[in-house]
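Me: I'd like to learn how to read a model like this one. Could you walk me through it, feature by feature?

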Amino acid sequence: MQHSLFRITGFAVFLSVLFLNAFVDLGHKIIIQNTVFKTYDGSEQVILTAIVNALILLPFILLFTPSGYVSDKFPKNKVMRVSAWAALLITLMITMSYYQGWFWVSFALTFLLAIQSAMYSPAKYGFIREIVGEKHLAEGNGMVQAITMVAILSGTFFFSIFFEKMLHNSGITEKADLLQTIAPLGWMLVALTILELFFTYRLPQKSETDENMLFDWKKYRTGKTQRGILSSVKNNQFIWLSIIGLSVFWAVAQVILA
């Protein structure tokens, strides 16, 4: 039963960390994307929207090997804690760029926030097994997916509403002026990240650092590591079909929420 998961020490805290991380990531994306919608039209709007989505996706493609290594080598609660510190620094930079009206800096910081999320992601999913055990793995994974979806939907709704309310009847068409008008939303990103950071310090440690695990940067640079992993995945039909199914699901969700 799902209610039994909340009796597991740290599980509710873990879900809070996941929710806040996804909520903050979505918040900045919505702000940048809505700024593009307000200040560009035609082909420029389409191209910039595609670039925003690419900036979010690319770190997950480029860093899935090193991020998996970091997750396996170090305690996952500490990886999430360091990621939360990185997110706090990035959201502070984002907030400053809002107040300064630096659209392109804010735009580029989307990539940094995505890198943070990509490095955090394997630790997040790997921690499910550690905290709930094999017996409740399916329930725990389902709960994590549900919380992530709620964070995405609520983040989209919340930041879209506040973005529009702050610009109501302003008639602003310049990117710099628009960002300065909605800049207080940046402090909301910072506050939520601080809360996330607080919760990461309450996550239980379930593993120790593996001092013997080393990362082969040469194989990574030449692409051998990535090809080996993809080959292993493709040979496992269950995992391969799961990846395709999740990819289609999130692609459709992205289109609906765009």
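This is a predicted model: local features need pLDDT of at least 70, side-chain atom pairs count only at pLDDT 80 or more; totals for chains, interfaces and linings use all residues.

**Salt bridges, helices and a patch**

Reply: Let's begin with a pair: Glu134 and Arg129 form a salt bridge, with their closest N and O atoms 2.1 Å apart. Residues are numbered from 1 along each chain as its sequence is written, and side-chain values use heavy atoms, leaving out hydrogens and water.

Me: What counts as a salt bridge, and how many does the structure hold?

Reply: Side chains of opposite charge can pair when their charged atoms come close. Here the term needs a side-chain nitrogen of Lys or Arg within 4 Å of a carboxyl oxygen of Asp or Glu. The structure holds three of them.

Me: Which residue does Lys76 form a salt bridge with?

Reply: That's Glu130, and the closest N and O atoms are 3.1 Å apart. The pair links distant parts of the chain, 54 residues apart: Lys76 belongs to helix 4 (residues 76–100) and Glu130 to helix 5 (residues 103–132). Helices here are DSSP runs (H or I, at least four residues), numbered from the N terminus. Lys76 has 9% relative accessibility, so it counts as buried, whereas Glu130 is partly exposed at 25%.

Me: Where in the chain are Glu164 and Lys38?

Reply: Their side chains meet in a salt bridge too (3.1 Å, N to O). Glu164 lies in helix 6 (residues 137–166) and Lys38 in helix 1, so to speak distant parts of the chain, 126 residues apart. Both count as partly exposed, Glu164 at 37% relative accessibility and Lys38 at 38%.

Me: Now for helix packing. How do I read helix 1 against helix 2?

Reply: Two packed helices are described by the angle between their axes and the distance between the axes. Axes are lines fitted to C-alpha atoms, for helices over the stretch in contact, and angles run from 0 to 180 degrees between N-to-C directions. The axes of helix 1 (residues 11–39) and helix 2 come within 9 Å and cross at roughly 165°. That makes the two roughly antiparallel, a label for angles over 145 degrees.

Me: What about helix 1 and helix 8?

Reply: The axes of helix 1 and helix 8 (residues 184–200) come within 9 Å and cross at roughly 160°. Helix 1 is therefore roughly antiparallel to helix 8, and this crossing is left-handed.

Me: Which residues make the nonpolar surface patch?

Reply: Patches take residues with over 30% relative accessible area and no salt bridge, joining nonpolar side chains (Val, Leu, Ile, Met, Phe, Trp, Tyr) within 5 Å and like charges within 9 Å. Leu57, Leu58, Phe60, Ile61 and Leu62 make one of about 430 Å², with areas from the Shrake-Rupley method and a 1.4 Å probe, where only the protein chains shown count as cover for residues. Leu58 is found in helix 2 (residues 42–62) and is partly exposed at 37% relative accessibility.

Note on methods:
Buried means under 20% relative accessible area, exposed over 50%, partly exposed in between (1.4 Å probe, protein chains only). Angles under 35 degrees count as roughly parallel, over 145 as roughly antiparallel, 65 to 115 as roughly perpendicular and the rest as oblique. A crossing is left-handed if the near helix is turned anticlockwise from the far one by less than a right angle, and right-handed if clockwise.
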